[in-house]
Amino acid sequence: MRLPGDALDAAEEFEALGDSAGAEVVGRFRHRRDTPDPRTFIGRGKVAELAEQVRDLEAGLVLVDQPLSAAQERNLEADLGCRVLDRTGLILDIFAQRARTFEGRLQVELAQLKHVASRLVRGWSHLERQRGGIGLRGPGEKQLEMDRRLISGRIKQIERRLVKVRRTREQGRKARRKRDLPVVSLVGYTNAGKSTLFNELTGSDRQVEDRLFATLDPSWRRVELEPGAAAVLSDTVGFISRLPHDLVAAFRSTLEEVTDADLLLHVIDAGAEEREHQIEQVESVLAELGAQDVPALRVYNKVDTCCLGAGRIEDDSGQVTGVRVSAATGDGVAELLPAIGERLGPERVRRRVHLRPEQGRLRSQLFRSGRVIEERCSEAGRLELEVELPVHELERLHVREGLPREEVAPA
Ligand SMILES: Nc1nc2c(ncn2[C@@H]2O[C@H](COP(=O)(O)OP(=O)(O)OP(=O)(O)O)[C@@H](O)[C@H]2O)c(=O)[nH]1
Ligand SMILES: [Mg+2]
């Protein structure tokens, strides 16, 4: 079912979502109307037509690419005699199947519960025989019949657990930061090739699939950019048009790591018909997360599938804005690495510096050439500064300004 304004191949993408959830698509039903019918969304006449198709094809599930109210879903189920799931329910099901980490599972369960709670408690009795299928899986399944009070109790419990799990993850993030390495995050539309590129760049073996939302849980690896320069690369969940709001909210804290990155690699499927639409969608999710100002480098991937050649793309001033690659064949990847280095700017290090009171000039130089994270005064009247600054600046302070090497230690 499509509404005016939807992207052209939104229907194909929706089928791919069904496929990702493990459904076998046996038929399609398209219907265009300007205003949804309050009772069944598609209206009485169309319900009769659809019911006939469901019977003929012996379909056990109808997926609807629009948000249905709980009542509409229930009415459709009663009229069609099979389960009905809307887009949000379908995406939540895929996430429930894919989540592997404890935090990922908690986040999915939270999103499922919030989705249920926001849509009233529904009666499942007329479908009792068919339970366990798409949309009924995952940690949220057993909660579906509980009343609101129980659901909200469980929501609170999960939120408390998430706070604890996130604290642990936060420590991991701090540890990565401490290593002085810049963090580069892969972002992009689902199926753009992020994990393939991650594997190609880091020599790892992450799961790659021609499925939507193959990756759910984040992972990190060190990557050598040039001799002597490295970064931490992270691979995460992909985005999609009309990402369910409950899901964005539940995954907000995992996704927020992208706001903390030094550089985003926006991976784009260069051969996709809907390329521009996908770019817009990714940028709008990034803006929703508050990451619109993090520097980004566009990586046009899968150039082997279209007529574009691999190579770098520059603006008028010669600054690299994108690189065309094929993560599958490795074309262009050699040019991507230095481009990342260029966009990250000079390598920065974090140091603890001790100064005597009369070294005020060095102090102001440190403030000018780096970022002072902390400044403390010791009992002996000496200053202790924690600074982050480019390697070459630190070297200049040693050589030209007489900053003693023995007064500088890793932070
Ligand atoms: N032809 C071609 N296919 C590619 C290329 N890069 C990735 N693919 C294929 O695209 C599909 C998706 O790749 P993934 O790396 O799983 O994509 P992803 O962006 O991580 O997807 P999600 O984790 O689902 O968001 C797989 O079938 C890959 O083999 C490429 O450069 N060329
Ligand atoms: Mg992936």
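A residue counts as buried when 20 or more other C-beta atoms lie within 10 Å of its own. Gly 89 meets that mark, because 24 C-beta neighbours lie inside 10 Å. Gly 89 sits in helix 4. The model discussed here is predicted. Its protein has 411 residues, of which 36% are buried. The secondary structure amounts to 12 helices and 13 strands. Among contacts between residues at least 6 apart in sequence, 67% link residues at least 24 apart.

- Helix 1 spans residues 10–20, and its buried residues are Glu 13, Phe 14, Leu 17, Gly 18 and Ser 20.
- These residues lie on the same side of helix 1, because they cover an arc of only 160° around the axis.
- Strand 1 (61–64) and helix 4 (87–98) are what the buried residues of helix 1 pack against.
- In helix 4, the C-alpha atom of Gly 89 is separated by 9.4 Å from that of Val 116, which is 27 residues away along the chain.

- Most residues other than glycine have a negative phi.
- Phe 41 has a positive phi, near 70°, and is not a glycine.
- Phe 41 belongs to the loop between helix 1 and helix 2 (44–57).
- Phe 41 counts as buried because 23 C-beta neighbours lie inside 10 Å.
- Arg 242 also has a positive phi, about 50°, without being a glycine.
- The loop that holds Arg 242 runs between strand 5 (229–235) and helix 8 (245–255).
- Arg 242 is partly exposed, because 15 other C-beta atoms lie within 10 Å.

**The shell around ligand 1**

- The shell around ligand 1 holds 23 residues, and Gly 193, Ser 195, Asp 210, Thr 215 and Gly 238 come nearest.
- Helix 7 (residues 194–202) is the biggest contributor to this shell, giving 3 residues.
- By class, the shell has 11 polar, 7 nonpolar and 5 charged residues.

- Strand 8 (residues 311–314) and strand 9 (residues 320–324) run antiparallel and are joined by 4 bridges.

- Four strands make an open sheet in the order 11-12-10-13, and the pairing is antiparallel.
- Strand 11 (371–377) and strand 13 (408–410) are the edges; each has a single partner strand, so one side of each has no neighbour in the sheet.
- From one strand to the next, the twist averages 25°.
- Strand 11 is joined to strand 12 (residues 383–390) by 6 bridges.
- Cys 377 has Leu 383 of strand 12 as its bridge partner.
- Helix 11 (residues 360–369) packs on the sheet and touches strand 10 (348–355), strand 11 and strand 12.
- The direction of helix 11 makes about 35° with that of strand 12.
- Helix 12 (residues 391–399) lies across strand 10 and strand 12, and runs at about 130° to strand 12.
- Strand 10 pairs with strand 12 in the antiparallel sense over 8 bridges.
- Within that pairing, Val 349 has Leu 389 of strand 12 as its bridge partner.
- Strand 10 is also joined to strand 13, by 3 bridges, and these two run antiparallel.
- Arg 352 has Ala 409 of strand 13 as its bridge partner.

Methods
Residues are numbered from 1 along each chain as its sequence is written. Chains are lettered from A and ligands numbered from 1 in the order in which they are written. This is a predicted model: local features need pLDDT of at least 70, side-chain atom pairs count only at pLDDT 80 or more; totals for chains, interfaces and linings use all residues. A residue is near a molecule or strand if its C-beta atom, placed from the backbone, lies within 6 Å of it. Ala, Val, Leu, Ile, Met, Phe, Trp, Tyr, Cys and Pro count as nonpolar, Asp, Glu, Lys and Arg as charged, and the others, Gly among them, as polar. Two strands pair if DSSP finds at least two bridges between them. A residue is buried if 20 or more other C-beta atoms lie within 10 Å of its own, exposed if 12 or fewer, and partly exposed in between; C-beta atoms are placed from the backbone. Two residues are in contact if their C-beta atoms, placed from the backbone, lie within 7 Å. The arc is that of the directions from the helix axis to the C-beta atoms. Axes are lines fitted to C-alpha atoms, for helices over the stretch in contact, and angles run from 0 to 180 degrees between N-to-C directions.
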